2 protein chains.
Amino acid sequence: MRRDVFQAIADPTRRAIIMLLAVGAMTPNAIADHFDSSRQAVSKHLRILTECEIIKQERQGREIHYHLNADKMKDVERWLEQFKALMDKRFDQLDTVLEQLKSKGK
Amino acid sequence: MRRDVFQAIADPTRRAIIMLLAVGAMTPNAIADHFDSSRQAVSKHLRILTECEIIKQERQGREIHYHLNADKMKDVERWLEQFKALMDKRFDQLDTVLEQLKSKGK
DNA sequence: TATATTTGCAACTGATTGGTTTCGTATTTT
DNA sequence: AAAATACGAAACCAATCAGTTGCAAATATA
C-alpha cells in the first residue's frame with residue numbers, strides 16, 4: 001500500500017476534507033455533515049488520511065477531533081518546485097539554442 | 001473514472017514520467033528504458049496521463065513523441081495556493097486571539 | 001444502571017488499478 | 001516484397017478503493 005500525500009490528495013473528497021481541517025479541527029460527524037457521503041465512507045477517508053499522516057486524532061471525551069498536519073503538504077510543494085525548476089531549465093536551454101541561432105545568423 | 005492532474009500524480013511512476021518529459025519529449029520505448037516496468041505497463045501510464053491531458057502525442061513516422069502539457073500542472077499549484085491561503089488565514093485568526101489575550105492580561 | 005451518542009472496525013460488493021501476455025497495424029529497413 | 005521495429009488495444013489477473021451494512025466499545029446522560 002502506497003501511503004503518501006499524493007495518494008491522500010488524489011481523491012476529491014479527501015481534498016475537501018483537508019480544506020475543511022485547514023480551517024480548524026473537527027469531529028468525524030461534523031466533517032461528514034459537509035458531504036453527501038455517509039459517515040462510514042468519510043470515516044474510511046479519514047483512516048487513509050491518518051495513514052498518510054496528513055491528519056491526526058485527538059480524543060476529547062467521547063469525541064475525536066481530527067486536526068491537520070500541514071507539514072506533510074510540503075512534500076507536494078517540494079515536488080512541484082522540482083518540477084518547475086526542471087521546466088525553467090528547459091526554457092533556459094531553449095533560450096541558449098535561440099541565442100546560438102541568432103549569432104549564427106550574423 | 002476521475003481524470004485529473006491529482007489522479008495523474010498519485011502514482012510514483014507517473015510522477016517520474018512527468019519529470020522525464022519536463023526535460024524533453026520522448027518516445028514510449030525511451031521512457032520505458034528508464035524504468036523496471038515493461039513497455040506495456042509504461043504504455044498504460046501514458047494512456048492515463050494522456051486522458052488526464054497532462055501529456056500529448058505527436059506522431060513522427062513510426063515513432064510517437066510524448067510531450068508535456070505543463071499548464072495542467074497549474075491545477076495542483078492553484079489548489080496548493082488555496083490551501084496555503086486558508087492556513088494563513090487560520091494563523092491570522094490565532095494571532096488575533098493571542099493579541100486579545102495579551103491585551104486582557106494588561 | 002439503562003440508554004443514547006460518537007466512533008472505529010470487519011465483512012462484503014462493484015469498479016478501478018497496475019501489471020502481464022498476446023495480437024494487429026503502421027512504418028522503416030533490407 | 002519480406003523482415004524488423006514501434007506502438008496501441010484487448011483480454012486477463014491480483015490487489016486496492018470507495019462505498020455499503022452491521023456491530024462492538026467507549027463515553028455521556030437519564
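Reader: Over the ring of which residue does the charged end of Arg15(A) sit?
Author: The model is predicted, with local features requiring pLDDT of at least 70 and side-chain atom pairs pLDDT 80 or more, while totals for chains, interfaces and linings use all residues. Residues are numbered from 1 along each chain as its sequence is written, chains are lettered from A and ligands numbered from 1 in the order written, and side-chain values use heavy atoms, with hydrogens and water left out. A charge sits over a ring if NZ of Lys or CZ of Arg is within 6 Å of the ring centre and within 35 degrees of the ring normal. Arg15(B) lies over the face of Phe6(A) at 3.8 Å from the ring centre, and the charged end of Arg15(A) sits 3.8 Å from the ring centre of Phe6(B).

Reader: Which kind of aromatic pair do Phe6(A) and Trp79(A) form?
Author: Ring centres of Phe, Tyr and Trp (its six-membered ring) must lie within 6.5 Å to pair, and planes under 30 degrees apart count as stacked, over 60 as edge-to-face and the rest as tilted. The whole structure holds four aromatic pairs over all chains. For Phe6(A) and Trp79(A) the centres are 5.9 Å apart and the planes stand at 80 degrees, so the pair is edge-to-face.

Reader: How many residues apart in sequence are the parts that Phe6(A) and Trp79(A) tie together?
Author: Helices here are DSSP runs (H or I, at least four residues), as are strands (E, at least two), numbered from the N terminus. Both Phe6(A) and Trp79(A) are buried, a class that means under 20% relative accessible area, against over 50% for exposed and partly exposed in between (1.4 Å probe, protein chains only). Because Phe6(A) lies in helix α1 (residues 5-8) and Trp79(A) in helix α5 (residues 74-105) of chain A, the separation of the parts, in residues, is 73.

Reader: Which element gives the most to the surface near DNA strand C?
Author: A residue is near a strand if one of its heavy atoms lies within 4 Å of it, and of the 25 residues around DNA strand C, Tyr66(A), Arg3(B), Ser38(B), Lys44(B) and His45(B) come nearest. At least two residues each come from α3 (28-33), α4 (39-51) and β2 (63-68) of chain A and from α4 (39-51) of chain B. With five residues, the element that gives the most is α4(B).

Reader: At what distance is an N or O atom in the side chain of Gln40(B) from a base oxygen of DNA strand C?
Author: A polar contact is a pair of N or O atoms within 3.5 Å; within protein, one must be able to donate a hydrogen and the other to accept it, and residues adjacent in sequence count only if both atoms are side-chain atoms. Phosphate oxygens of DNA strand C are approached by an N or O atom in the side chain of Arg14(B), at 2.8 Å, and by a backbone N or O atom of Ile64(A), at 3.4 Å. For the side chain of Gln40(B) and a base oxygen, the distance is 3.2 Å.

Reader: To which residue does the polar side-chain atom 2.9 Å from a phosphate oxygen of DNA strand D belong?
Author: Around DNA strand D there are 24 residues, the closest being Arg3(A), Ser38(A), Lys44(A), His45(A) and Tyr66(B). At 2.9 Å from a phosphate oxygen, the polar side-chain atom is that of Arg3(A).
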